[in-house]
Each structure stands twice: as C-alpha cells, then as structure tokens.
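Here is a friendly tour for someone meeting this structure for the first time. Take a look at it, and then we'll walk through some of its features together.

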Amino acid sequence: MLTEIAVFAPLAGAVFAGLGRPALGKQGAIWVSILLMVVSAVAGVADFYQYEVTGGGWAPLHLAIWVSVGSFTPDWALRQDTLSLVVVAMVSVVSMLIHVYSAGYMAHDKTVPRFFAYLSLFTFAMLMLATANNLLQLFFGWEGVGLVSYLLIGYWYEKPSANAAAIKAFIVNRVGDLAFAVGIALTYLVFNTIDFDGIFAAVPAHLADKYALFGSVFPALEVIGVLLFIGAMGKSAQIVLHTWLADAMEGPTPVSALIHAATMVAAGVFLVVRMSPLLNHAPGALSFVTFIGATTALFAGTVGCVQNDIKRIIAYSTCSQLGYMFLAAGLGAYPVAMFHLINHAFFKALLFLAAGSVIHAMSDEQDIRKMGGLGRKLPITYGVMLCGALALAGIPPFSGYFSKDAILGAAFATHTSMGFYGWACGVFTAGLTAFYISRLFLLTFHTESRVAPEVAAHVHESPVTMLGPIVLLAFGALSSGFLLRNAFIGHGFAAFWGASIAVDPNSIMTQIDGIPAWAAMSPLAAGIVGIGVAAWFYILAPEMPARAAARFNGLYLFLLNKWYFDEVYDALLVRPALRLAKLIWHVGDEQMIDGVPNGLAHLTADASSQTVKLQTGSIALYAFIMLVGLLGFLSLFLWIR
Amino acid sequence: MGVGFPILSLMIFLPLVGVAFLATLRGDEAAVARNARWGALWSSVVSLGLGIFLWLKFDPSVAGYQFAESDTWLSGLDVQYRVGVDGISLFLVELTVFLSPIAILASWSITRRVRDFMIFFLLLESVTLGMFCATDFVIFYIFFEAVLIPMYFIIGIWGGERRIYATVKFFLFTMAGSVLMLVALVWMWHNAGSTDLTVLTRTKIPPDVQTWLFVAFLASFGVKAAVWPLHTWLPDAYAEAPLPGTIMLAAVLSKMGAYGFIRFAVPMLPQASQAAAPLMFALGVVAVIYISLVALAQTDMKRLVAYSSVAHMGVIVIGIFTFTVEGIEGALFQMLSHGIIIAGLFVCTGVLLSRGEDTALSRLGGLAAVMPVFATLLMLFSLASMGLPGTSGFVGEILVIVGAMKVNFWVSLLGGMGMVLGAAFMLVMLRAVLFDKFTRPGLESLKDLRPAEYAMLVPLAVMTLWLGIYPVSFTHIFDGPVTALVQAHVAAVQPAAVLPAAVQPGVAVAMETK
C-alpha cells in the first residue's frame, strides 16, 4: 500500500496542480501538490523502512495488464525490492524538498501551478521508472522523465534559447531511446519476455546465444547490453550523447537540481544496475560501460574547470560524477555505483539549490566572474554550499569521499587494463573536481566583489522556504556517506541488496579494502592538490588564471568550447540533415516523383506538342528511375542480410 | 453470431437515409444549412450508437466473420452481397463511426453549399463502412471505388486554392491503381469460381501468378496507403481538402490500403508477400526516413502533419510484412492510433484556420500564452504522434519494432528512426506554433477553445490516452484473426521460406501465440 501511495501521490499532485487552478487558486494548487509530495516522501521512506524491518522479499504489485500481444505481455506493476525502494525513498524525499524550495524560488512566476504540475509529473514518471517490473514500464518512466525534462527546460518558452535547449535535450535523448527500444526488442527476441524476473531467470540458458550483426557474430547478451547502455548514455549524458545537459540549464534552477542532477540523469545508472544479472554475463558491454564512464568523468571534469556560468559548472560536474557511477557499474561494483548515486543525489541537489539561492540573491546573474565576496551577505548559503563543495571534492567526512574512494578502490583492485584506465582517469578527475568546485566557491563567495552596483544593492539571503530544504540537504551531504556506507557497500552489502542486484561472488566488491595505501590515498591527495591549486590561482595569485589561459590558449579554447562537440555535431549532422530535408522535398518529391505524373498529365493534356513535353517528362523519368534503382539496392541489402 | 436484425446493412445504409432526408430539405438557405448540419450530425451519431452496440455484441473469441449477411445478387456467378466483420474490420468500422461525427462538427465552418457537402459526406461514410464490411471481393471493389466519388467532389468543390490540381492528382493516382486491382479481381474470380473472401482465401494460387497479382495489389493499395513513392498525391490532397475531408482522408481512408494488404495480399498471396517483404521493408524504411526529413523541411503546419501521416504509414507497412503477431497487431494498432492522432492534429490546424489564421509556421508562435488548453491538446497529439509511452502512438510503434526485430535488426532500427526524426519535426512544429514570442500583432488576442472544439478534441484526447494506457481493450479484438492469419501464413510459406533466425543456436525464434 505504501508503495502505491508513494508512486501515485505525485500523479495526483500533478493533476491537481495542472487542472485545479480555477478551483483551488494559484497558491492552493501549489500547496496541494506540495502536500501530496510530502505524503509521497513519508510513504516512500516508511515503505523502505518497513521493507527492511520485515526482511524484504516482497512480490511485485500487479496493477493492470498493459500490452498483451502474442507473448509480449508487459504489465503495469510496481516492483518492490531493495534497489527500487532505495531509489523511491531518495527520489520522493529529494523531490519533496525541491517542491518546497520551488514555492519560494518561483514565487514571482505567473504560471507557477504549471511548474508544480510538471515537477510532480516528473516525480511520478521517475517513480514508475524505479518501480518498473519489466523493461517496457521502465521505458515508460524513462520517456516520461524525458518529456517532463523537455517541458521544464522550455518552461520559460518566450526565451528562444530555452526552446532550442529543450528540443535538443529531447532529440539527443531520443537517439539513446531508440537504441533502448531496439534493445528491448532484441531482449524479447532472445528471452521471449521482457519481465525482469523472466529475463534474469533465463540468463543462464542464453549464455551461448549468438547474434549476427555487421557481418559478424556476437554473443546476444553483449549486443543487448550495449544497446541498453546506449540508451543509458543518452539519459545520463555520457560522452557522445552528453551535449544536451549543459544547455538544459536554461530551465529554472530547481529543475536543474531535481532532474539534471539528482534523479533523472541517474536513471541510466539505475538501468545498468537493474540489468546487472544480465550484464554480468556480458563482459564486453561492461568494459564499454567502464570506458565510457571513465572517459566522461575526465572529459566533463576538464570542461568544468573553465566554464563561467555557475550552473553550467555544476552541470558538467554532474556529467562527470555520472561517469564515476558508470565506471563503478562497469567493473561489476554495482552497490558502489548505487552508493555514489544516492550520495550524489543529495550533494548535487544541494549544490544546485544553493546556486539557485545565489542566483536569486544576484537578481538572476549566473556568471561567476560577476560575483565575489558574497560570503558575508549570504552566510547560510555560504555554509551549505561549503558542505556541498566538500562532499563533491571528496573530503572526509562528507559523503562524496566515501563513495568516490570506493569507486576508485574498486577500479584499482581489478588489476585489468580497463580498470587501471578507469582508476587513472578517476584520480585525475578527482583533482579536477576539487579544483573547479573550489574555483566556483572562491569566485562566488570570497575574492573581491565584482558585483554590479545596481545588483549589489539587492543582494539578500533567501526566504526560509528556500533555505529550509537546502539546510536539510546539507545534513544529507554531510551524513549520507558514513550512515549508509556499511549497509550499501560494507560487509553486509549482499544481505542488504538481496536479489535486487546480482554481484558476482568473486567480484571486486570484496577486494576494495585490500588495495595498497598509496592507491587508496591518492584520490584524497588529488582532491587536496586541486583545492590548493584553486586557492593559489584565485586567492594568492589572482593574475595566474589569465596568464595560464594566455600561455595555453589552444587548450583553453578547446576546453572552453567543450571539446567542440556541439560545433562538430552541428556541421556533420544537424545542418546536413536540414539541407538534405530541403533537397529531397524540392528535388525528390516535387521534381522527380511528381515529375512523372505531371509529365504524363502534360502529355495527355497537350498532345500536339508531344515532342517538346516528352523531353521535360523524360528527365524526371530518368531521375525517377534512379530513385527506383536506389530502392532496389536497399531492398537487395535487406534481403541479403 | 447475430443480433436478430441486419445490423451491418443498417449501418452501411443508414447514412443514405440521412442523404435522402437532406435531399428533401426546403426553405431559405440559412435554414437548409442549419438543418443539413444537424441532420448529418444526428445521422452520424446514430451510426456511432450502432457501432458501440456492435462492439458490445462482438465476440472476440469467435473466429471468422460475425454478423454475416448474404443476399443473392448476381446469381449463377456466385457474386453475392456479403457483409460481415471480424476483429480486423470491426475496429476500422468503429474508427469510421467514431470519427464521422467529429468530422461533421469540423464542417460547421463550411458555409457554402452546406447541404451538398453534407450529402457527399454521408455518402462517403456509407461507402467507407460498406468497404470495411464487405466480405465479397466484387462488393469490396465497388465500395472501394465508390469512395473516390464523394471525396472527389469534397476536395474539388470545397477545397483550397489548388484544389483542382489536388483533385486531379488524387483521382489519377488512385484510379491507375484500382484498374490493376480490377484485373487481379477478374483473374481470382475466374480461378476460384467465387468472390467470397473466405473462399478466395482458401483457394491456392500458383506462386508465379501470385507475383503478378501482388504487383496489381501493390499498385492499388500502395497508392491508397501512400507508400513511397506513390505518396505525393497525399500532401496535396490533405492540404487542399476542407478540414472534414482531410480528417476522413487521413484518419480513415488512408487505412484502406493497409487494410487491403492485410485482407487480400497477405492471406491470399502468401508466397508473393513473403518474397516481396524485403521490398516492402525498404519502402517502409524509406517512407519513415525520407518522409520524416521532408516533413522537417515543411513550412506549413497542415502539410507537415500530412507528411507525418505518410511516415506513419511506413511503420504500418513494415509491421504488416513482418508476418509476426507482434508486427501485424502493431500495424493494426498503429492504424487505429494514427487515425485518432491525425484527426486530432488536423482539428488543431482547423482551430487556427477558423480563427482566420493561416497555418504557415513562420506566421504563428507564442500561442501557449493565450490558448493554454489548445496548447495542451496540440502537444498531447504531437507527443502521441512521436510515440511517447502512455499515448496510443507508442504501443503500435514498439510492437512494430519488436515484430521487425524477429525478422531483421536493421528493419527494426531503421523503422524505429521515426522515434528520433518524428520527434524532431513535431517539436519544431510545436515550437513554431506554441512557443517563442508572438511573431506578429493579432496573435495575442486569439481566444482559447470554443465548446464545439472541445467536443471534437476531448474525445480524441481521451481515446489517445486510453489506447496508450490500456490498449488491451482493443488488441484483444484483433488478437484472434491476426493469430490465425500468421499461422496460416507460416503454414503456407514453409518450408519454402523460413524466417531468418538471427539468434542462434538453441533459441527457437518461433512465433509463439497464445
């Protein structure tokens, strides 16, 4: 019962907030959705507590049939295992805090019930994703969060940049989703079911299955693993499909905190962990996960070091931290990935909300070059931001330290080349992370004030509806690491996760603590060095950054332009596609295909000047035959395959 | 199975009663117009009532045609007036009677020769229902052709500026295809000695003849289903037809082709269909990718929606020729869902047109601020069109992807490209219509939906969600006939052509059926 309440209360909230404005009034609609979100959070946490107390082993709650065609029979159901319920508890709590925060942050917005309807709807979709009992319902939640993300990025729809970012987010996600959908289809082909229990039970019977692709033969489980992971790459903004995340910062800041930091972007990691019983038998796919994760962590870390928009820095940091989670998951250390996921949800939501508090105080200024010296004017924001920054930088006893260390420990303990690649990227990135978050922190709160005078007059601490949630999250960032460590990745981890995560008995989970001291200490050391460099650059020798940028101008521009991914995609994909679209419309449809009937019509209509018309008609005919030939080749290709 | 009276004939000919009533209307022009509108609406609502009754009485567990009627017509030739519905035709009948009242509501904006319009419209409803109910090939052919006549006048008289061009093109394309089907019809009649569909389906046809018959069917049904490259009549016809005509064309009549493939080509010509499958996949994939790109380049909302329709037809064609339960049911579901979504999208364009706006994308924008309900509904239909889970569009799309995967990875992936490209052009359209700032003065004074517009859009929206969240209410109706169709097909083509089993070894990629 608690699970249903936790999942469906947000849906009710969305409906009330979306349709109830005439009856409830603006404030009424908002507070009803907040109230229902509180209900959801209480139910979510109580549900998890009860699950732990009763010892677990709950059956999925069947709600209704969804699709039933042949043996393709996914249901609407709520899965209740540790993995699902941990995520439900986390999502409902974080979402509830962000709802409360938004009441303050969005107070001056004209259509604020719409904002709350979206937030609640998002929460519902995310909870459906977490409690899915089959791949198709997971996909429902997956696309649902993608949709609401689109709506929220484009919330201020008068802004052209927001609209462009929203469309970009949706389409880039859709590229990943297509791979996901095809992965679902292949799963069904191999297993003849897409229910999780059915798939996982049948994995041993399909270890030797082969699938022919690209003129070669691959293990079927590897192909499934890679396809599903491509979906995860889209949602979790991993390198190649990451370009949407930074632009998504066009949305209101609470959105960035909820969707683009704490919950939605973690869905990819959740998917990989959820599919662990299958992925354990797809070592190639797992190596790919590790490689992409480690590379993304490094890539996004480097880019984060030179950005100037406070939200974009945190966005790249999100991208980078998700890379860490994939790095861990790819190594088979799924519990560690989940540990970091939960810790990250708290401290990253905290960072975004604190950044929102700064932006609020600064009358919507987001450029950290125009801040400085805000620490004294915003003491509470200063304090909580410090907590978040230290957690992100991996300084004990804050939460990031525990999970990041465990990830890198696991990477080192594998003793494989991929593991070492992950470790090296991870340690270097730990330094970068500490550097960019310290840079953000110092440029915002310390250093000389560079605030424009007209803005400076209005700088004020945020209202209590905003500060309350941030302070609570700060406690989370401080404590979630050592409170959850034992359960999540300690000796009892296997009992805690139960059957919800399949951890190989010989996996590196047991070896994390056995690595040499120097290796175990290096992430923390890198973090301290990063902080030190930031302090040197921005406090002790403020002229250094400019000199470094000038000295290494090429590198600086490369990073400032985010490795030129956007430019390359634009030149190679977007503009050619649009040009091709115009070309095939005007030439393909209007001239070639219509040329034939139009030419024939001319022929019959005006038989007297046949000879002349025949020639204009026949050019179209030749072109048409070319098109038919192309089609022939395509058919042949599909036939032979 | 029966209800004690000839319900199908009643449904088919009831609109003709409406026609007769409208023909007798006298009085001044305004009164005739008003009575014609209400008369037509009532006629279609009664048909809808009969349709619901039919649905309730239909027994999905019974195979074969139900409510069957037959009457001697051309005695000695075994051509009879035979009608009946099975799970496949039933839902097309339902779609027709569901959309007719909505289309008639949409024709309230027509002010010129209202009575004539309504007469042609009811004629159209009548022959459309006749075509879907026919279980005799000659009867089917007559209705199939007869659909052209009212449509020809509806576009030609009440259409837009280029209506004559569009009408001629529409007529030439479809006629050319139909003539070939007539030849096929005569041959099959001669071969089987009957035109009863059940007899025709049982009668074996030599594979080499099947090829020629398939070509004839492809020409006819391909044009109707707007299979690439036979599609170019469609954007012109959709764009130039008056709104109710567009709705019927896009939502119902475009299904004639796909219905023909499922009813005739696949069961009667199994070997030829199997052999042509790669070609049909290629056509479907080209439709999805090529047409989606063309849609992306459109500058007019109505044409963009028209092209989106062609792209969906590509998905339907792919689904049919997978010869799997998932694929064919996906195709059928997509037909149903597409009918509802496209009607919703065209009604939304009609909402703008009735406010005196044109539908050029560059002249719209920012409407979300002044028309929030309209914006919500347009967004719902657009999202459904791009296959968002929870809406009807997704169920058909994923079933086709799943079915196609049983045949070929690339068909599945490329056929699914609509997920990306469809999102691209739909989101571009939504932005141009609803978002950004007003592009010109006048837009900010537009009013949100009127009651009649609610009456059109809300049922469509409800259906979109119902189909998306609980599709079983519909799939269980055509589960039986599709399963039978697939089994018959597999039995007919084996062992001549076994589906390529890409997964090996051990995994039997058998078409499991319940």
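How do H3(A) and H15(A) run relative to each other, roughly parallel or roughly antiparallel? They are roughly parallel to each other, because their axes cross at roughly 5 degrees and angles under 35 degrees count as roughly parallel (over 145 is roughly antiparallel, 65 to 115 roughly perpendicular, and the rest oblique).

Before going on, some ground rules: this is a predicted model, where local features need pLDDT of at least 70 and side-chain atom pairs count only at pLDDT 80 or more, while totals for chains, interfaces and linings use all residues. Residues are numbered from 1 along each chain as its sequence is written, chains are lettered from A and ligands numbered from 1 in the order in which they are written, and side-chain values use heavy atoms, with hydrogens and water left out.

**Helix pairs**

Helices here are DSSP runs (H or I, at least four residues; strands are E, at least two), numbered from the N terminus. Their axes are lines fitted to C-alpha atoms over the stretch in contact, and angles run from 0 to 180 degrees between N-to-C directions.

| Helix pair | Axes come within | Crossing angle, roughly |
|---|---|---|
| H3 (82-105) and H15 (334-361), chain A | 11 Å | 5 degrees |
| H3 (87-106) and H14 (325-354), chain B | 10 Å | 10 degrees |
| H16 (372-385) and H19 (418-434), chain B | 10 Å | 170 degrees |

Back to the chain A pair: where H3(A) meets H15(A), the contact (heavy atoms within 4.5 Å) includes A:Leu83, A:Val86 and A:Tyr101 of H3(A), and A:Met338, A:Phe346 and A:His360 of H15(A). Sorted by class, it has 16 nonpolar, 4 polar and no charged residues. For the record, Ala, Val, Leu, Ile, Met, Phe, Trp, Tyr, Cys and Pro count as nonpolar, Asp, Glu, Lys and Arg as charged, and the others, Gly among them, as polar.

Over in chain B, the crossing angle makes H3(B) roughly parallel to H14(B). Among the residues touching there are B:Phe91 and B:Phe98 of H3(B), plus B:Met335 and B:Gly339 of H14(B). That contact divides into 13 nonpolar, 1 polar and no charged residues.

H16(B) and H19(B) are, by their angle, roughly antiparallel to each other. B:Phe374 and B:Ser382 of H16(B) are among the residues in contact, as are B:Met426 and B:Val433 of H19(B). Here the tally is 9 nonpolar, 2 polar and no charged residues.

**Where the chains meet**

Chain B puts 78 residues into the contact between the chains and chain A puts in 68. The area buried between them (accessible area, 1.4 Å probe, lost on being put together and summed over both) is about 6,500 Å², with carbon and sulfur atoms giving 74%. On the chain B side, helix H12 (residues 270-297) gives the most, with 12 residues. That side has 55 nonpolar, 12 polar and 11 charged residues.

How many salt bridges are there between chain B and chain A? The count is 0, taking a salt bridge as a side-chain nitrogen of Lys or Arg within 4 Å of a carboxyl oxygen of Asp or Glu.

Over all chains, the count comes to 22 salt bridges. One of them joins A:Lys159 and A:Glu250 at 3.3 Å, N to O. A:Lys159 sits in the loop between H5 and H6 of chain A and A:Glu250 in the loop between H9 and H10, so the pair ties together parts that are 91 residues apart in sequence.

A cis peptide bond joins A:Pro396 and A:Pro397, with omega about 5 degrees. A:Pro397 is found in the loop between H16 and H17 of chain A. Finally, A:Ala237, in the loop between H8 and H9 of chain A, has a positive phi near 50 degrees despite being a residue other than glycine.

How values were computed
Buried area is the accessible area (1.4 Å probe) that two parts lose on being put together, summed over both.
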